[in-house]
Structure formats: structure tokens, C-alpha cells
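Here's a quick briefing to read alongside the sequence and the 3D view. Have a look first, then go through the notes by topic.

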Amino acid sequence: MRKSVYAVAVMAALLAGIGNVYAGSGIPSGVRSGITAGDTHAHLQVKGSCEMCKTRIEKAAKSVKGVTSASWDRKEQTLHLNYDPEKTSLEAISKAVAKTGHDTEKNRAEDRVYNALPKCCKYRKN
């Protein structure tokens, strides 16, 4: 009985410690799942304007082999990423997102792709 109580206490302490690892990390809670030991966390500025944009941007990023999580923040216009640098690069992820019509800090979307976005997804001022 005493060993069981001790085992439960140790497991609870370990789980609490895991939660604290992420508490002040600045990683959005939706990005945490899927993180592996070799992952790199990065931010990429991506232009967009609505929830459809969010879905499109995250889907494009996650379609790149090696990306374990992606979460786009509309207010900050920032894509939070976790990826395996041995399988992909920030440049490859940026290109994949730009191909869907969203400008990134590294790549501009083709005008024809941008122009095909729904009206609510338009973010360019010109």
C-alpha cells in the first residue's frame, strides 16, 4: 500500500514538472502537442485576416514533412512552429505557406494565387 501511494505521488510530481516546462516557454498551448526532443521552435510572420486564413496557413505548414505542429496567431500575424530541422527548414515551410496565397517574411505569394483567395482573406493594402 505504501509503495502504491509513493508511486502515485512520484507520477503526480513528474506530470506537474512536465507542465511547468511549458508554463513560461511562450509556446502557445495548441503548439505543444507533438513536440519531440529534436524539434526546433520557430516563429514566421505570415499575413492573413480571418479564421479561414488560419486554417489554410496551419494546414499548409503541417503538410511539410517534419513539421510537428503549427499555430497561427491572427493578432500577431505569427505562425508558431515546431519542426525537425533534419527533415525540413523554415524556408521550405515558408514556401509551402506562400503557395497557398499568404505572404511570409521570407516569401511573397504569387499574385494569381492571392487574387483567388476569398474576399475576407484579402490582406494586401494595394
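**The tyrosines and the rest**

Tyr 114 and Tyr 123 are both buried (buried is under 20% relative accessible area, exposed over 50%, partly exposed in between, with a 1.4 Å probe and protein chains only). Keep in mind that this is a predicted model, where local features need pLDDT of at least 70, side-chain atom pairs count only at pLDDT 80 or more, and totals for chains, interfaces and linings use all residues. Residues are numbered from 1 along each chain as its sequence is written, and side-chain values use heavy atoms, with hydrogens and water left out.

**Rings and charges**

- Searching the whole structure turns up one aromatic pair (rings of Phe, Tyr and Trp, the last by its six-membered ring, with centres within 6.5 Å; planes under 30 degrees apart are stacked, over 60 edge-to-face, the rest tilted).
- That pair is Tyr 114 with Tyr 123: the ring centres are 4.9 Å apart and the planes sit at 75 degrees, so it goes down as edge-to-face.
- Lys 122 lies over the face of Tyr 114, 5.2 Å from the ring centre (the test is NZ of Lys or CZ of Arg within 6 Å of the ring centre and within 35 degrees of the ring normal).
- Arg 124 also lies over the face of Tyr 114, at 4.2 Å from the ring centre.

**Cysteines**

- The whole structure has zero disulfides (a disulfide being a pair of cysteine sulfur atoms within 2.5 Å).
- Cys 121 is buried, at 0% relative accessible area.
- For Cys 120, the closest cysteine sulfur is in Cys 50 at 3.8 Å, again too far for a bond.
- Cys 120 counts as partly exposed because its relative accessibility is 42%.

**Sheet and helices**

- Three strands make an open antiparallel sheet, ordered 1-3-2 (strands are DSSP E runs of at least two residues and helices H or I runs of at least four, numbered from the N terminus; two strands pair if DSSP finds at least two bridges between them).
- Strand 1 (40–45) and strand 2 (67–73) are the edges, each pairing on one side only.
- From one strand to the next, the twist averages 20 degrees (axes are lines fitted to C-alpha atoms, for helices over the stretch in contact, and angles run from 0 to 180 degrees between N-to-C directions).
- Strand 1 and strand 3 (residues 78–83) run antiparallel and are joined by six bridges.
- Leu 44 stands opposite Leu 79 in strand 3.
- Helix 3 (residues 51–62) packs on the sheet, touching strand 2 and strand 3 (contact means heavy atoms within 4.5 Å), and its direction makes about 160 degrees with that of strand 2.
- Helix 4 (residues 90–98) lies across strand 1, strand 2 and strand 3, at about 130 degrees to strand 3.
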